[in-house]
Structure formats: C-alpha cells, structure tokens
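Dear colleague,

Please find below the structure that I am handing over for your work.

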Amino acid sequence: MLHKEILASAGLSPADLYSGTPSSQAITVHSPIDGVELACLKPTTQADIPGIIKLAHNAFEQWRTVPAPRRGELVRLLGEELRAAKHELGALVTLEAGKIRSEGLGEVQEMIDICDFAVGLSRQLYGLTIASERPGHRMMESWHPMGTCAVISAFNFPVAVWAWNAALALVCGNPVIWKPSEKTPLTAMATTKIVERALARFGDAPNGLLQLVIGGADIGDALVSSKRVAIVSATGSTRMGSIVGPKVAARFGRSILELGGNNAMIVAPSADLDMAVRAIVFSAVGTAGQRCTTLRRLFVHESIHDVLVEKITKAYASLPIGNPLDAGTLIGPLIDKTALQHMQNALEQARQQGGEIVGGEPVSTNVPAGAYVKPALVLMPQQSDVVKHETFAPILYVMTYSDLDTAIHLQNDVPQGLSSCIFTLNLREAEQFLSAAGSDCGIANVNIGPSGAEIGGAFGGEKETGGGRESGSDAWRGYMRRQTNTINYSSQLPLAQGVKFDF
Ligand code: NAD
C-alpha cells in the first residue's frame, strides 16, 4: 500500500508502470526493500534509437542558438520544480534504490544544488583573450555547444548523476538523452515528469531537448555507437567503462567516464579519533556501502590500530539495519541478492587471503526478499588481491602502517583512483598527502571521509575510475567545444613566427 502511494505521489500512474507485458524483453522493476514488483516496463527498442537521436539533433540545432542565460532559465525552472517535488522524488529513490530516507532526500537536494550552480554558470561560460604576436591582431577563445549528450547512469545514484550532467549540458547548449540503470528506471520516469513541468513553464524549448530511453546495456550501446551522439557521459562499473570508452574513442567522440572506486582513509597517530570514527562509519556503511566513493580501505597507524578498531566495532554493533522507509534506519538493503552473493564471495576470498572478519552476515528481517546484511570489518595482514578489487557492498578492509610514505604508496597501489582522505592534525602529513607525491586520486580530503562530495567541486577520478569530471568547478568545459579565434583588424597580413611568403 505504501509503495503504491509513493509511486502515485511521484506522478507515476498504473499506465506508466505497466507499459509492458511480462516477456523476456520487458523490464521488471522490484523494490530492494522487500522484492515487491513495482513495474513492468516496455523498453525502448534498438529500432527507436535513430529517431530519438535525430530528434535530439534537431533540438540541438535550435537550442545552440538560444542565449546561454535564457537556457539557464530552463534550468532555474527545473530547480524550482525539483524543490517542489523533493519529498516525493526522494521517497521514490528510497523505494527503488533502497537508500534511507535522508539519503533519498539528499540525492534530490544534490539535483537542486547543481541546478542553482548551472543557472549561475549560464552567465559565466567564459573564454580567454590571448595576446597575439602580430600587430593589429586579437586572439580569443570561444566555447560553443557540442551536440547531443547521452547520459548512462548507474543504479546507486539513480537521479543525481543525470542532474549533474543534464544541468550543465543544458546551459552549455546540448540536448540530453538519458538511459538510466535498468534497475532504477522509475526514478528516471518520475524525474521526466518534473522536467515536463519545467519545460511547459519555459514555453519554447525545442521538442526532444530532454529524452529518456529505458533499457539495458544494448540500448546504452546503441547510444554509445552513434556518431551523432557527441558526448557519452557514462557512470557505472569499470567493466562497463572498458567497453564504452574504446567504442566512443574509435569514432572520435567525447566520453566522460565515472567508474568504480576503491577509496581509502589513512588515520595518523595525531588524528581526532572520535571524528575519524564518525567519518569512517558514515563513509563505509552509508548507502549500504553502495557509493562509488564508499570507504573500502583503512590504513591505520600501528600505534592506534587496536583502539580505533575497537571503536569502529562498537559503532558497527549499534547500527540499525532494516527497512529504509522507517525513520531511524541507517543501513538499508543491498540492491539485490546478486550483490549479497558478491559480498559473501569477497568475504570468503578475504578469509582465504588471511583476513579476520567481523560481521558481514546476512540479516534476517521480516522482509525475506530483501538483501539485508551486517557491514563487515575485515582485518587484513596486507593489501591482497581482494582488497584491490571494488566489491559494491559494505566491506571495510583494515590494515596497519608504520610510516606515512608506505601508507600513501599502499593507498595508491590499486587500479582505481576516485576518492581518498587522511585524518591527521599534523600539517606536514596533511600537506604531503595533498602534494604531487601524495594521493593519486581525483578527490583527496583532510579530516573528512571520502564520500559525500559537494557539487561545487569537479567530481571524478583517475586510472580505472575513468578520468572524467562532472558537476562543479570547470567541468562544464567537458560539454562544450573550444574554438580559438584570431581576428586581424590591421591592413597587413603578417604571418606568425615571422614566416615570409611574398608573391
Ligand atoms: P553497471 O556498470 O552495471 O551499469 C551502469 C550503467 O551502464 C547502466 O545504465 C547499464 O545499463 C549501462 N551499461 C552496462 N553495460 C553497458 C554497455 N556495454 N554499453 C552501454 N551501457 C552499458 O553499474 P551499476 O552496477 O549500475 O553501478 C555500480 C557501479 O557504478 C560501481 O562500480 C560504482 O563505483 C560505479 N559508480 C561510479 C560513480 C562515479 O561517479 N565514479 C558513480 C556511481 C556509481
């Protein structure tokens, strides 16, 4: 009953939810909370994709000529509509992705924040003026819209990632085609209803400016493979990125890849341990360990290892696990039983590689279809293979270190490079960690956990995390093309570098 109310208040009618008939092609959506079927959707077909891309391209030809501040007005209206629908969309995030209530709301807040950011940005798409070596010449850079932007998103941030991309893409003059995770299409459909309200208020946006396609990897692939899709912004596993990246590169398209992380914290002897524990617990178990920035590796100075582990173990024992719709729950379910199996497999490997495991068992609740689990703390003798792999579940590997150089080396000695942090009150240690010889990640923090980024900074990571940047700072440049302009206002035609070519 409650499920139906959440779906209805997010604007999803029975006709929206049952557009498909049960078949091998239909996308059936289940709530991770209790396994209840929420919808059976007719997916977009491969045959539909060329028409969708063409419509987006037609929209591009109009939208690119609309002044950027006017484009920003659409994003401002979208932000207003999101504010009005925050509660309803946040509840649907909880129902469909299993996040606790405040994280569901937080995800929508992130959408609102990026809209605010992008509205300001719509008046700040600045280029440079450059000193020319030639008399009577002026040089400058102009930034122009790129073209259609496909956004392929993951289940764990079912709506925020689209907003990071769409808000910037729109003010930059690009249409957006969104393919959400096949595990979370309903939040995308509800967001599309919100978008429709903003478009109606805006009045004259071109048809096809913001489109949604529903489907799995094959539909994502159809967007990835099309030469008419200028930008592919893909968020998900490194496995997915390793397929998408080369395909986009082979056709000389632009990709923004936001892939797996394997994030670490170093806890130094001078750290404020109570603050560190709070950061560790939120970063390691929040969203049931299903954030790309989740804390997965902890390097603790040997002098404080035992006391810190005791504090974390105590905190873990007090965490309420259960239905994320209930007030007071801090750990909701994993997305599905497959994720639970992956977690159990990783724990078994960790045990074989010398790990001592505390927690990690499935939790039996009164909702047997949900994949609820106790977060696991794994004391590892060293950073073995299983630790270097991202398991998308609440497993925190704990290792000791004796000198900071080694800790930083170990932190960097994994294939991924998303987020990292150090807890220390020692200025030298903090600065070393942030220096060129410090963390090799896209995000490096001091006295803050690795997860829970604000939208104002550029978000993304290095190495197998893909190298893309989204959200704040100058990430907008990823959605535009740079043009260098030289203007000659003299009556001569001097050549650069003093070259003579008289005839
Ligand atoms: P996933 O890779 O299984 O799927 C992500 C999206 O890619 C889905 O929409 C899926 O349909 C699509 N996809 C899969 N294969 C494809 C292909 N060959 N061509 C085109 N599209 C394809 O990931 P998931 O399980 O939904 O999400 C969890 C993963 O996402 C984790 O690894 C997590 O770290 C990562 N993630 C990264 C970030 C980041 O910003 N770095 C943010 C969120 C999630």
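Residues are numbered from 1 along each chain as its sequence is written. The model is predicted: local features need pLDDT of at least 70 and side-chain atom pairs count only at pLDDT 80 or more, while totals for chains, interfaces and linings use all residues.

The ligand is surrounded by 29 residues (C-beta atom, placed from the backbone, within 6 Å of the ligand). The closest are Ala154, Gly220, Gly236, Glu258 and Cys292. By class, the shell has 13 nonpolar (Ala, Val, Leu, Ile, Met, Phe, Trp, Tyr, Cys and Pro), eleven polar (the others, Gly among them) and five charged residues (Asp, Glu, Lys and Arg).

An open, antiparallel sheet has the strand order β3-β4-β21, where pairing requires at least two DSSP bridges between two strands. β3 (129-130) and β21 (480-488) each have a single partner strand, so one side of each lacks a neighbour in the sheet. β4 (residues 137-145) pairs with β21 over nine bridges, and Pro145 stands opposite Met480 in β21.

Finally, Leu273, Val277, Ile280 and Val281 in α11 meet Val307, Leu308, Lys311, Ile312 and Ala315 in α12 (C-beta atoms, placed from the backbone, within 7 Å). These contact residues comprise eight nonpolar, no polar and one charged.

Yours sincerely

Terms used. Helix = DSSP H or I, 4+ residues; strand = E, 2+ residues; numbered from the N terminus. Contact = placed C-beta atoms within 7 Å.
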